[in-house]
Every structure is written in C-alpha cells, then in structure tokens.
Amino acid sequence: MKAFGHTRATHLTDKDALVELSIPTPEPGLHDVIVEISAISINPVDTKLRQTAPSDGQARILGYDACGTIVATGGNVYNFRSGDRVFYAGSAARSGSNAQYQAVDERLIAHAPKSLNDGEAAAMPLTSITAWELLFDRLRVPNSSVFSQDSILIIGGAGGVGSILIQLARRLTGLRVIATASRPETHQWCIEMGAHHVINHTRPLDQELKRIGISEVRYVASLTQTAKHKDAILQMLAPQGSLALIDDPRSFDIMPFKRKSLSIHWEFMFTRPIFNTVDMAAQGQILSQVTSLVDASLLRTTSYTSLGSITLNNLLTAHKLQESGSTIGKTVLSGF
C-alpha cells in the first residue's frame, strides 16, 4: 500500500522531509480493525515527530486523525464490523494514518458523524479528545449547563484544540468562556465557536482580562506559549484555581503557584493508548459523544482549510501551514 512518512529527523527544507513509501497492508490484531483511509487532518504532533528520529531506525508513518471505512476486523472485535464508517485519533505508539490502510484498536474509534463529510469528520478526533479530557478529566469542570460564576480562559482559542474547547465549554458547562486571539479573523472565529469574550494574547493577558472587567478566572487552559504567559497566568488565576496545559515549555517551575494553592495538570491524549490503561476505551466513548453532539447540531467541525487529496506535496504544504503558527481550526486532506 501507499504511505507517507520519514526515516530520520527532518526539517521542511530537507528533500526527504517526508517520503512516499510502499509497505505491506497491515493485518489486524485481536482487538484491531483495519480502516481504509478516506481523509486525514494535520496536528502539531505530526510536525514535532517529523523533527525527531524514529527510535527503531525504521520509517515512521505519521498521522493521528482519520476517517475511513472498516475493511477487516480482528478475532476479538465485537462492536464494529466491515463497512462501518469510523473516525479516530489512534495511538502515537503505532503506525499512523498517512497511509491507505491503518490498523487501530477498536477501543479508540467511534462511528463517524453522519452529518459530516469525511474531511470534516477527520478534523475532529484528536482535538476533541484532547479538549474533552482537559476540561472534564484534568480540570474536572462539572459537565452541566447550569450557570456558574466561574470563568475559563483558553489561551490559543483559534487553533484546533481551542476551537473544540470553546464549543464544549460553552455548550456543556455553565462557565463564562474567554478565549485569546490576535488577528481579526481569529477573533471572529473564536466568537463563532461560542466564546463570550476574546482578548489579545500579544498583550499582557492579566491586563487584557481587566480590560473586559474580569479580575480573575477559576480555570486556565494554556494551549500554546505557556512559558511566555506564565506570570500572567499566575496573576489571573483565582486562589484554589486550576491550570491545564498541553504544550512543551522547556521548563516549568510550579513553586510560585503554591501560595494560591493552585493545581497544575498536563493533558496528553495519547497517554491512555500508549500505556494501555484500563480506561482506554474512554477515548472511543468520548468520540461517540462527540458524534451525538455533532449530529444534534450542538458541535461543529473545526475543518477550515482543505488542501485536496492525500499526496506527498499536499502533506508537505500542510506541515508548512502547521509550522507557521497561524492556522485557524484544522487542515484536512481527502482521498488518495
């Protein structure tokens, strides 16, 4: 089958930044399904992993979002069958979705929303799981639409995770939702996603928060540039508040957060599949709830840019866009 990957740590200027490969079609393990891929989307993890060498010296197939059709199932698969249209984010410990076929554990997948086309569906899994886990598993925000006096600040609201997190917080909690953006188009996008307020993250965030009449927030979801905003986050968080982050600051000293009894949480959506946790099936269950919300018109896809079919050149373009730091929502590719 055709696949796309890399064999060493690369930059986009390298001729072999990504390469086209011909590899055997995977066989299903006992708990696996084999999916014929119809659409994929790009995430920061794709570009980060491309810049690191595969640990086993073999070609690494990237890609952690997909929509497609099941063509084969393992002996212990009971919840899905051939012909089912599914979507998922998969596992960073296994071969990715930038291929014609992929083996994926059935506990990580769900039936794709019927109201979305394949590209629109492929935009959602990784960011939806990340946003859901961050909001409900890490920050432990009550899943209730009852109005609350508390607020959540989402740093990087127009990105893939931020676009879903705004929607979940607005639809499924009683929180006041504040997002950050820096350009007119990203500001408007955050409003469309459901943010009550949008502030500018190129300015001191604690001052921006006061500008809109809010002195402190109970929760902060820092999705990008956490190190840059650390001092402002400390100032903005209410005593006994909570911070959750997903990016990779070189270091993060939590001692200054002690005086306010603040809690710090990391969110990494691949933790469950990498460690095969006892609750790994929660990710498939999250995606099933996402499907229900989408088909009930309570959650919308964050697909924003479509680059056409899944080709080497289009993948390279997608990686370039991702690395620019200026994307809105998600970038998708559909069809081989």
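**Reading the pockets**

Guide: Let's start with a helix: α1 gives the most to the lining of the largest pocket, with four residues. Keep in mind that this is a predicted model.

Visitor: Which elements give two or more residues to that lining?

Guide: Besides α1 (44–50), they are α3 (125–138), α4 (160–172), α7 (226–236) and α10 (312–324). In total, 44 residues line the largest pocket, and Pro44, Lys48, Leu223, Thr224 and Asp247 lie nearest its centre. The space in there comes to about 1,400 Å³.

Visitor: How do the residues of that lining divide into nonpolar, polar and charged?

Guide: For the largest pocket, count 21 polar, 16 nonpolar and seven charged.

Visitor: And how much space lies in the second largest pocket?

Guide: About 270 Å³. Its lining has 13 residues, with Asp56, Arg60, Ala92, Ala93 and Arg94 closest to the centre.

Visitor: Now the cysteines. How many disulfides does the structure hold?

Guide: First the general idea: a disulfide is a covalent bond between the sulfur atoms of two cysteines. This structure holds zero.

Visitor: Is Cys67 buried or exposed?

Guide: Buried means under 20% relative accessible area. Cys67 has 0%, so it counts as buried. Cys190 is buried too, because its relative accessible area is 0%.

Visitor: What does the UniProt record annotate?

Guide: An unreviewed UniProt entry gives "domain: Enoyl reductase (ER)" for residues 11–333. In the model, that span is 31% helix and 24% strand, and its end C-alpha atoms lie 21 Å apart.

Terms used. Residues numbered from 1 in each chain as written. Predicted model: local features only at pLDDT ≥ 70, side-chain atom pairs only at ≥ 80, totals over all residues. Heavy atoms only, no water. Disulfide = S-S within 2.5 Å. Buried < 20%, exposed > 50% of the residue type's maximum accessible area, 1.4 Å probe, protein only. UniProt positions renumbered as here; feature names shortened; annotations may be inferred. 1 Å grid on protein atoms, 1.4 Å probe; cavity = no way out; pocket = protein on both sides within 12 Å on 5 of 7 lines; lining within 4 Å. Points joined across faces, edges and corners; volume = space filled by probe spheres on them. Nonpolar A, V, L, I, M, F, W, Y, C, P; charged D, E, K, R; others polar.
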